[in-house]
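Visitor: I would like to learn how to read some features of a model. Please take them one at a time, with the general idea before the case.

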Amino acid sequence: MFDSGATVAAALEAGDADLDDAQRQPNGVDLTVGEIFEQTTPGRIGRDGKRVGEREAVPVEDGAYRLDPGTYVVRYGEPVRIPSERVGFVLPRSTLLRNSCTLDTAVWDAGYEGVGEGRLDVGHAIEIEPGARIAQLVLAEADHDGAYEGSYQGENL
């Protein structure tokens with residue numbers, strides 16, 4: 001069962017997110033663009049460790065990120081706290097999809113806290129303003145053992 005948007009908003013606000021009314025949706029909370037990056041060096045995923053490749057921030061030009069087709073990393077603008085007994089999913093807003101773009105984000109486990117990131121795939125050139133709403137976080141009830149204690153705990157806070 002997915003939580004209501006009011007419940008998701010309360011969970012984010014408990015984690016110091018400053019939401020405006022437009023971000024509150026019936027079934028979740030819209031996440032905004034905090035910053036957009038291009039990866040510049042290879043990363044590595046091994047059996048005994050991982051490394052995220054280096055990145056460069058995409059500059060804002062005339063009030064917007066001007067993105068050509070390609071793959072980017074978006075850092076969301078809000079700190080997130082996933083409550084215990086919940087799991088978080090981030091989905092693209094429909095306007096992003098209608099503009100030939102999409103977002104991918106991994107599952108956000110119970111107990112995760114941080115300012116998360118996702119992969120932004122741009123299929124056709126687009127302009128996106130900093131602070132624009134591009135994703136929706138939804139929370140679902142989850143039966144689980146333990147809480148998130150991984151290396152991304154507290155990221156970008």
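Visitor: Where does Glu85 lie?

Guide: Glu85 lies in the loop between strand S9 (80-81) and strand S10 (86-92). Helices (H or I, at least four residues) and strands (E, at least two) are DSSP runs, numbered from the N terminus. This is a predicted model, in which local features need pLDDT of at least 70, side-chain atom pairs count only at pLDDT 80 or more, and totals for chains, interfaces and linings use all residues. Residues are numbered from 1 along each chain as its sequence is written, and side-chain values use heavy atoms, with hydrogens and water left out.

Visitor: What is the phi of Glu85?

Guide: Most residues other than glycine have a negative phi. Phi of Glu85 is near 70°, a positive value in a residue other than glycine. Glu85 is partly exposed, with a relative accessible area of 43%. Buried means under 20% relative accessible area, exposed over 50%, and partly exposed in between (1.4 Å probe, protein chains only). Ser100 also has a positive phi, near 65°; Ser100 is found in the loop between helix H2 (94-98) and S11. Ser100 is partly exposed as well, at 44% relative accessible area.

Visitor: Which residues of strand S11 are on the covered face, and which on the uncovered one?

Guide: In strand S11 (residues 101-104), Cys101 and Leu103 make up the covered face, while Thr102 and Asp104 make up the uncovered one.

Visitor: How many bridges pair S11 with strand S13?

Guide: Two strands pair if DSSP finds at least two bridges between them. S11 and strand S13 (residues 117-122) have four, in the antiparallel sense, and Cys101 stands opposite Val122 in S13. S13 also pairs with S8, antiparallel over six bridges, with Val73 opposite Arg119. S8 in turn pairs with S2 in the antiparallel sense over four bridges, and there Phe37 stands opposite Val73.

Visitor: In what order do the three strands of the open sheet come?

Guide: The order is S6-S7-S14, with antiparallel pairing. Strand S6 (60-61) and strand S14 (126-128) stand at the edges with a single partner strand each, so one side of each is left without a neighbour in the sheet. Strand S7 (residues 64-67) pairs with S14 over three bridges, and the bridge partner of Leu67 in S14 is Ile126.

Visitor: Which residues of the largest nonpolar core touch the most other members?

Guide: In soluble globular proteins, nonpolar side chains tend to be buried together. A nonpolar core here is a set of buried Ala, Val, Leu, Ile, Met, Phe, Trp, Tyr and Cys residues joined through side-chain atoms within 4.5 Å. The largest has 32 residues, and Leu31, Ile36, Leu67, Trp108, Leu120 and Leu137 touch the most other members. Among the elements giving two or more residues to this core are helix H1 (5-14), strand S2 (28-39) and strand S15 (133-141).

Visitor: What does Leu67 touch?

Guide: Contact means heavy atoms within 4.5 Å. Not counting residues up to four places away in sequence, Leu67 touches Ile36, Val58, Tyr72, Leu120, Val122, Ala125, Ile126 and Ile128.

Visitor: How much space lies in the largest pocket?

Guide: Rolling a probe the size of a water molecule over the atoms shows where empty space is left. On a 1 Å grid over the protein atoms alone, using a 1.4 Å probe, a pocket is an open set of points with protein on both sides within 12 Å along at least five of seven lines, and lining residues have an atom within 4 Å of a point. Grid points are joined across faces, edges and corners, and a volume is the space filled by probe spheres set on the points. The largest pocket holds about 770 Å³. It is lined by 26 residues, of which Val52, Arg55, Ala106, Glu117 and Tyr152 lie nearest its centre.

Visitor: Is Glu117 buried or exposed?

Guide: Glu117, in strand S13, counts as buried at 19% relative accessibility. A polar contact is a pair of N or O atoms within 3.5 Å; within protein, one must be able to donate a hydrogen and the other to accept it, and residues adjacent in sequence count only if both atoms are side-chain atoms. The side chain of Glu117 makes such contacts with the side chains of Arg55, at 2.7 Å, and Arg75, at 2.9 Å.
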